[in-house]
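Hi everyone, thanks for making time for this. I'd like to walk you through one structure, so please have the viewer open and follow along.

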Amino acid sequence: MKISHRPGLFAATAALLLIGAGAQHAQASAPGVPAIVLRASTAFSTAMRGVVGMQRHFTTEVNGGIVKHGEQSDSGQLMQDGRFVKIAYYRIVRDGHPFSPSQIQQRNTETNNDWAAGKVFFKEPYDPQYMSDYSFEQAQTACSACPAGTQAVSFASTIHDAQHGSGVMYINTSNAHVVKLTYSAYVLPPHASSGSVTETGGQALPGLWYVVRIDQTYRGHAFVMTGTGTFTGIFDHFRRFPSLGAGEAALQDQTI
């Protein structure tokens, strides 16, 4: 998701680093990659086979004292074998003003062009497409809300752009699901001086574990003003479709 309007204070969530998904299978072994990460990668790829649709509900708030900005949106997303197919926005409200159909279409065009070009979304370290971008290390970081037996693995990348970051992912050792992932992107939105992202995994469908919530928080300044920005993304109404055509029809008529 790309927020095309940037408030004067700072673009707290100018680009949501959503979930980059790939369907390539993790290799049986990879130098320097812990076995639990390889298991998580294989579980992710297996779960994402076929055509999967979902709804996305985004809320952005920027508070810079006298400068305030808010946006809410609802949209659908379609994926095939873990790869992006298409996104369609159904509703966008900025600072209390609903977008017109032409404004929504413009957002759709921009968003789909960016996703098709491989931009905007966060490149997940457990995604087999991007695993080679990262290095991994066993971590001792605790996760109080995670299931017993959860293993923490830290990750970092030599690619320092807005689509990569360093952080920790927490993997359930019994089923290799990524329960939670926290990171800081290497490149922050304009005027942001610090920021963190937390992705929460959940049972989206039987046999499908996916990110169901993203929380981003930023602090920054512009000129003499300081402020905060938050982004919340909720993902729900997951569906599997028997064909790409059926999924595209549901995306178009908003029945995902």
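Let me begin with a question: is R213 buried, partly exposed or exposed? R213 is partly exposed, because its relative accessible area is 35%. For these words the cut-offs are as follows: buried means under 20% relative accessible area, exposed means over 50%, and partly exposed is in between, with a 1.4 Å probe and protein chains only.

Before going on, a word on where this comes from. This is a predicted model, in which local features need pLDDT of at least 70 and side-chain atom pairs count only at pLDDT 80 or more, while totals for chains, interfaces and linings use all residues. Residues are numbered from 1 along each chain as its sequence is written, and side-chain values use heavy atoms, with hydrogens and water left out.

Back to R213, then. Its side chain meets that of D215 in a salt bridge, at 2.8 Å from N to O. To count as a salt bridge, a side-chain nitrogen of Lys or Arg must be within 4 Å of a carboxyl oxygen of Asp or Glu. The general idea is that side chains of opposite charge can pair when their charged atoms come close. D215 is also partly exposed, because its relative accessible area is 25%.

How many salt bridges does this rule give? The count comes to four. Let's look at E71, which forms a salt bridge with R94 at 3.3 Å, N to O. This pair links distant parts of the chain: E71 is in strand β2 (residues 67–80) and R94 in strand β3 (residues 83–94), 23 residues apart. When I say helix or strand, I mean DSSP runs, numbered from the N terminus: H or I with at least four residues for helices, E with at least two for strands. E71 also has a salt bridge with R107, with the closest N and O atoms 3.2 Å apart. Since E71 lies in strand β2 and R107 in helix α2 (residues 101–116), the pair ties together parts that are 36 residues apart in sequence. E71 and R94 are both buried, and R107 is buried too. Put together, E71, R94 and R107 are linked in a network of salt bridges.

R107 has another neighbour to show you: it lies over the face of Y89, at 5.5 Å from the ring centre. The rule for a charge over a ring is that NZ of Lys or CZ of Arg is within 6 Å of the ring centre and within 35 degrees of the ring normal. You can find this again at K180, whose charged end sits over the ring of Y170, 5.3 Å from its centre.

On to ring pairs. A search of the whole structure finds 10 aromatic pairs. One of them is F121 with Y130: the ring centres are 6.3 Å apart and the planes are at 45 degrees, so this pair is tilted. Here is the rule: rings of Phe, Tyr and Trp (its six-membered ring) pair if their centres lie within 6.5 Å, and planes under 30 degrees apart count as stacked, over 60 as edge-to-face and the rest as tilted. F121 is buried, with a relative accessible area of 5%, and Y130 is buried as well, at 11%. Now compare Y134 and F155: their ring centres are 5.7 Å apart with planes at 85 degrees, so the pair is edge-to-face. Y134 lies in strand β5 (residues 134–139) and F155 in strand β6 (residues 150–157), so the pair ties together parts that are 21 residues apart in sequence. Ring pairs also link F84, W115, F121 and Y130 into a cluster.

Strand β8 (residues 178–185) and strand β9 (residues 192–205) pair in the antiparallel sense over four bridges; strands count as paired if DSSP finds at least two bridges between them. Within this pairing, L181 stands opposite E199 in β9. The hairpin has six residues between the strands, and there H191 takes a positive phi near 75 degrees.

Which strand holds V179? V179 lies in strand β8, and it is buried, with a relative accessible area of 13%. Not counting residues up to four places away in sequence, V179 touches several residues, among them Y170, E199 and W209, where contact means heavy atoms within 4.5 Å.
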